[in-house]
Amino acid sequence: MTAQATFCATVVDEWVRAGVTHAVIAPGSRSTPLALALAARPEIRVHVFHDERAAAFCALGIGLASGVPAIVLTTSGTASTHLHAAVVESDLACVPLLVCTADRPPELRDVGAPQTIDQTNLYGRAPRWYFDPGVADVAMRDSWRSIAGRAVAVAIGDPPGPVHLNLPFRDPLVGDPGPLPAGRKGEAPWVVSEPSRPSIVDAPAGRTLVIGSWVGGSGFPVLTDARCGIEGPCAIHHVDAILRHTTLRPEVVVRAGPQPASRIVNEWVAASGAHEIVVSPTWRDPSHTAAQIAGGVKLGAPDDRWMAQWRAAGDAASAAVGEILDDPATATEPFVARALLRSMLVDSELVVASSMPVRDLEWYAIPRPEVRVHANRGANGIDGTISTAIGVAVASRRPTAVLLGDVAFLHDSTALIGIKQRGIDLTIVVIDNDGGGIFSFLPQATAIEGHTFEQLFGTPHGVRLEELAAAHGIASLTIEDPAAFAPAIQSTMTSGGVWMVVVRTDRAENVKVHQQLNDAVAQALGANEG
């Protein structure tokens, strides 16, 4: 129908005017009108994914790397349900995303028509805005640009996040667009009002500790990690190990930047009794201990003695960790996380999976400001890790690596379909311990009989990951000697294209290595304080 084709051409034109440059499409029939409109515009790079969940996380990765929403488009029915995990992550992580689900027209709903489900508010409260304009009607043509412009404006708003447009289309689904409604004058197709000035609070006087990112100037100890990308004389690393053993106690804690993955950090802050200020655009207080949540904070005068105590603790911990991980006899999981970030090219991107990889990177790696680190820590799921990395590589056009475990790799293995044709430089680093390694650190590991634990939590799969990669035309390197790891990373990233590097580890030994690192830091801190 001309009306449908014109509607789709109009909204795509408005998205192009708004700066949208990527669309991720999962094949389907009902979405034909919008898919054709997107493919017709050379300004839009179209990426096709067979799996809707992978498509959604690729679009999420594009928004994560660029700050500009990508369009993800599916057909009607259960296809649209597969986007839900990425929509939730987009919401909680404040990443812009334009979700377009094709739908059946009203007369085909609730009558047993195929590929028809209730898509109204399908993603609940996660979207910043949900809208269903109905089947395209020329009588409503003057609203089409406004709908498209509003979708982008809300997606990149304060805070950014997902927007869901549910778009019913009638047969025939193929047609030619007519003249488009005129766009508004000026460079910008719409105006986004400036967000209100964030509240700035004054921190009370006292021994102040910053956790996450810089705020309020230098001179204060900043407990930070690789995701924050902060280095310098105030940056304290290996925070998880330090806080297990330190006797230092703050009077004021300022939390800014990404929420640490470490349970120890979060519980230590909650139990510290300090005046806790959270700097965040959204409500973030899982421990219910924050005294203030604000858009910014003004700190008082730094305490040189306090800073020196934390600097000494940080240096002692760094020396202890480095002694174990910088020249190991075997390639352990903490070693892989630390060595990967150290080995990456300047101006590259790293995506790290939830579960143990993000923790090992947080606990043991040294931040490099010239490498951007991304992680889906809004909802903290392992969903779509490879797909997110593809999106990051697509949007950044920079060499990219992704660090994940074997379960996360298998969970998103459909992202490998057609990956060699995407024109990206991606090194997939897989820690293969034949199952779910993080569960070995939880109470279940000692409270549950061995066979049952393995059945329900260890979940060994026995898949040869290199053979799965080879089925998709991906060359892989299997690392046994830790000395070969850094050269392998540098070689694959310099060569370009898609590679996989596999490091096999043992789950039980991994627990022992973490305990060894914690014991070494405890001893170093004890000697330092003594």
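The legends below describe close-up views of cavities, pockets, a sheet and a helix pair in a predicted model.

**View 1. The largest cavity and its lining.**
Two cavities of 30 Å³ or more are found in the structure. The largest cavity has a volume of about 80 Å³. Its lining consists of Ile211, Gly212, Leu223, Thr224, Asp225, Val239, Asp240, Pro260, Val265, Glu362 and Trp363. Two or more of the lining residues come from each of β8 (208-212), α7 (239-243) and α11 (356-364). Sorted by class, the lining of the largest cavity holds six nonpolar, two polar and three charged residues.

**View 2. The second largest cavity.**
The volume of the second largest cavity is about 50 Å³. Around this cavity lie Arg255, Gln259, Glu276, Val278, Arg284, Asp285, Pro286, Ser287 and Thr289. The lining of the second largest cavity comprises four charged, three polar and two nonpolar residues.

**View 3. The largest pocket, centred on the residues closest to its centre.**
For the largest pocket, the volume is about 1200 Å³. The pocket is lined by 40 residues, and those closest to its centre are Leu92, Ala93, Pro258, Gln259 and Arg377. The elements contributing two or more residues to this lining are α3 (52-66), α5 (84-93) and β16 (371-374). The class count for the lining of the largest pocket is 19 nonpolar, 13 polar and eight charged residues. Gln259 is shown here among the residues closest to the pocket centre, and Gln259 is also one of the residues lining the second largest cavity.

**View 4. The second largest pocket and the helices that line it.**
Of the 36 residues in its lining, Met356, Arg359, Ile438, Phe439 and Phe441 lie nearest the centre. Two or more lining residues are given by each of α8 (263-272), α11, α13 (406-411) and α18 (507-529). With six residues, α11 gives the most to this lining. The lining of the second largest pocket divides into 17 nonpolar, 12 polar and seven charged residues. Helix α11 also gives two or more residues to the lining of the largest cavity.

**View 5. An open sheet of six strands.**
The strand order is β2-β1-β3-β4-β6-β5, and the pairing is parallel. At the edges are β2 (45-48) and β5 (129-131), each of which pairs on one side only. On average, neighbouring strands of this sheet are turned by 15° against each other, direction ignored.

**View 6. Detail of the pairing between β1 and β3.**
Strand β1 (residues 22-25) runs parallel to strand β3 (residues 71-74), and the two pair over three bridges. The bridge partner of Ala23 in β3 is Ile71. In general, the strands of a sheet pair through backbone hydrogen bonds, in either the parallel or the antiparallel sense.

**View 7. Packing of α3 against α12.**
Helix α3 packs on helix α12 (residues 385-396) at an angle of about 45°, and the axes are 6 Å apart. The two helices are therefore oblique to each other. The crossing of α3 past α12 is right-handed. Helix α3 is also among the elements that give two or more residues to the lining of the largest pocket.

Conventions. Residues are numbered from 1 along each chain as its sequence is written. This is a predicted model: local features need pLDDT of at least 70, side-chain atom pairs count only at pLDDT 80 or more; totals for chains, interfaces and linings use all residues. Side-chain values use heavy atoms; hydrogens and water are left out. On a 1 Å grid over the protein atoms alone, a cavity is a set of points where a 1.4 Å probe fits but cannot get out, and a pocket is an open set with protein on both sides within 12 Å along at least five of seven lines; lining residues have an atom within 4 Å of a point. Grid points are joined across faces, edges and corners, and a volume is the space filled by probe spheres set on the points. Helices (H or I, at least four residues) and strands (E, at least two) are DSSP runs, numbered from the N terminus. Ala, Val, Leu, Ile, Met, Phe, Trp, Tyr, Cys and Pro count as nonpolar, Asp, Glu, Lys and Arg as charged, and the others, Gly among them, as polar. Two strands pair if DSSP finds at least two bridges between them. Axes are lines fitted to C-alpha atoms, for helices over the stretch in contact, and angles run from 0 to 180 degrees between N-to-C directions. Angles under 35 degrees count as roughly parallel, over 145 as roughly antiparallel, 65 to 115 as roughly perpendicular and the rest as oblique. A crossing is left-handed if the near helix is turned anticlockwise from the far one by less than a right angle, and right-handed if clockwise.
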